[in-house]
Amino acid sequence: MGGIVGIVSEAPITAAFSEALRCLCHGSAFEAVQLADFGGLKIGVCHRESARARRAWRPESGLGAVLYGWALTRGGSTRPVDPAWIVDTYKNRGAAGLVAMDGDFVVVVLDLKGRRLILANNRTGTIPVQYVARPGLFAFAPESKALHALLGTRPELDCDGLLEFVTFGHALRSRTLFRGCKLLEPASLVEVDLDSGKADIQKYWSLSFRPRRRWHEAEAADALRSTVLESLRDTIIDSPPYLQLLLTGGYDSRTILAGMSAIGRPPDLALTWGVADSIPGSDPFIARKIADDHQTPFPVSYTHLRAH
């Protein structure tokens with residue numbers, strides 16, 4: 001899995017940082033790049049050509065930012081965010097300015113003059129970040145195997161994490177399957193001292209529900225529709241030249257197709273797979289009818305079954 005890798009240590013770093021990056025490259029489409037090396041601080045990224053991390057560096061102020069994923073801000077009007085915006089926002093407002101971001105991202109801000117590194121993820125933690133925090137050291141990566149390669153440690157199974165995984169389908173809160181490795185919880189802001197390696201982790205947002213029990217059904221339906229359309233507008237706020245939609249017969253993808261048509265940006269192509277689109281009630285059959293209703297091109301990738 002691609003993502004940002006970093007380590008802050010008060011002692012000299014002797015680990016093979018390049019190996020930690022390389023172990024995340026799952027195939028030839030991935031590229032590993034080391035971005036910063038300041039003795040006790042190293043930062044790098046593993047990404048694909050189609051989903052490259054972006055960065056900005058201001059040498060005069062000693063500030064830089066790396067953004068993996070995509071982010072937006074809702075200050076007044078919703079607009080995309082780039083690393084230059086992140087650097088300027090941090091310079092003017094500090095780490096508190098970063099909590100205005102939304103989207104699907106992991107961001108690292110390097111402040112050499114202030115002697116700190118800031119690590120933050122989005123509100124739902126959609127891009128994994130695992131970390132190891134010890135006295136004098138903080139390291140992070142998208143997968144635990146990169147941390148073990150970086151720190152030269154052997155993975156040891158966390159039995160509590162394993163029990164949670166087989167019970168709930170995932171470990172709970174910050175626990176992972178391996179001892180010593182923790183998962184950065186959603187909506188987290190980490191401030192790491194570049195001299196001591198000490199990390200302070202804070203939550204900047206929590207999901208909360210406030211039901212409005214006096215709503216009529218029609219009002220609730222209108223509110224849900226408005227929320228879906230707003231979400232779709234935010235998704236295509238960068239005006240992509242070409243859009244594809246994975247369309248099945250389910251209510252989720254058909255809602256997205258209807259919503260994209262409603263905001264005036266239907267997908268250029270809808271895709272699905274199946275045995276045939278001529279079987280009544282099957283996903284390809286339903287999906288083709290929905291695509292035809294919205295005048296959306298719809299090729300089907302057929303799966304040919306063989307008797308064994």
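Predicted model: local features only at pLDDT ≥ 70, side-chain atom pairs only at ≥ 80, totals over all residues.
The lining of the largest cavity divides into 10 nonpolar residues, 1 polar residue and no charged ones. The residues around the space are Gly-3, Ile-4, Tyr-68, Val-106, Leu-119, Ile-127, Pro-128, Val-129, Phe-140, Ala-141 and Pro-142. Two strands, β1 (3–9) and β10 (137–141), each supply at least two residues of that lining. The space itself comes to about 40 Å³, and the structure holds 1 cavity of 30 Å³ or more. Rolling a probe the size of a water molecule over the atoms shows where empty space is left.

Gly-3, one of the residues lining the cavity, also leads us to another part of the chain. Leu-24 is 21 residues away from Gly-3 in sequence, while their C-alpha atoms are 8.4 Å apart in space. You will find Leu-24 in the loop between α1 (17–22) and β2 (30–37). Is Leu-24 buried or exposed? Its relative accessible area is 0%, so Leu-24 is buried.

Let us step back for a moment and look at the whole chain. The protein chain has 308 residues, and 42% of them count as buried. Its secondary structure comes to 7 helices and 16 strands. Along the principal axes, the C-alpha trace spans about 65 × 60 × 40 Å.

How much space lies in the largest pocket? The volume there is about 430 Å³. Of the 15 residues lining this pocket, Arg-74, Asp-102, Gly-103, Ser-231 and Asp-234 are the closest to its centre. The elements that give two or more residues to the lining are β5 (63–73), β7 and α5 (217–235). Among these, α5 gives the most, with 5 residues. By class, the lining of the largest pocket has 3 nonpolar, 6 polar and 6 charged residues.

The second largest pocket has a volume of about 350 Å³. Its lining is made up of 22 residues, and Pro-128, Gln-130, Arg-175, Thr-176 and Leu-183 lie nearest its centre. The residues around the second largest pocket divide into 11 nonpolar, 8 polar and 3 charged.

Next come two loops with a backbone feature to look for. Most residues other than glycine have a negative phi. Arg-115, however, has a positive phi, near 55°. This residue lies in the loop between β7 (101–111) and β8 (116–121), and it counts as partly exposed because its relative accessibility is 33%. Ala-187 has a positive phi near 55° as well, and sits in the loop between β11 (182–183) and β12 (188–193). With a relative accessible area of 0%, Ala-187 is buried.

Our last stop is on the surface. Which residues form a nonpolar patch there? They are Leu-157, Leu-162, Leu-163, Phe-165 and Val-166, and together they have about 460 Å² of accessible area. Val-166 belongs to helix α4 (residues 159–168). Exposed means over 50% relative accessible area, so Val-166, at 59%, counts as exposed.

Notes: Residues numbered from 1 in each chain as written. Heavy atoms only, no water. Patch = residues over 30% accessible without salt bridge, like charges linked within 9 Å, V, L, I, M, F, W, Y side chains within 5 Å. Areas by Shrake-Rupley, 256 points an atom, 1.4 Å probe, with all protein chains shown as cover. Salt bridge = Lys/Arg side-chain N within 4 Å of Asp/Glu carboxyl O. Helix = DSSP H or I, 4+ residues; strand = E, 2+ residues; numbered from the N terminus. Buried < 20%, exposed > 50% of the residue type's maximum accessible area, 1.4 Å probe, protein only. 1 Å grid on protein atoms, 1.4 Å probe; cavity = no way out; pocket = protein on both sides within 12 Å on 5 of 7 lines; lining within 4 Å. Points joined across faces, edges and corners; volume = space filled by probe spheres on them. Nonpolar A, V, L, I, M, F, W, Y, C, P; charged D, E, K, R; others polar.
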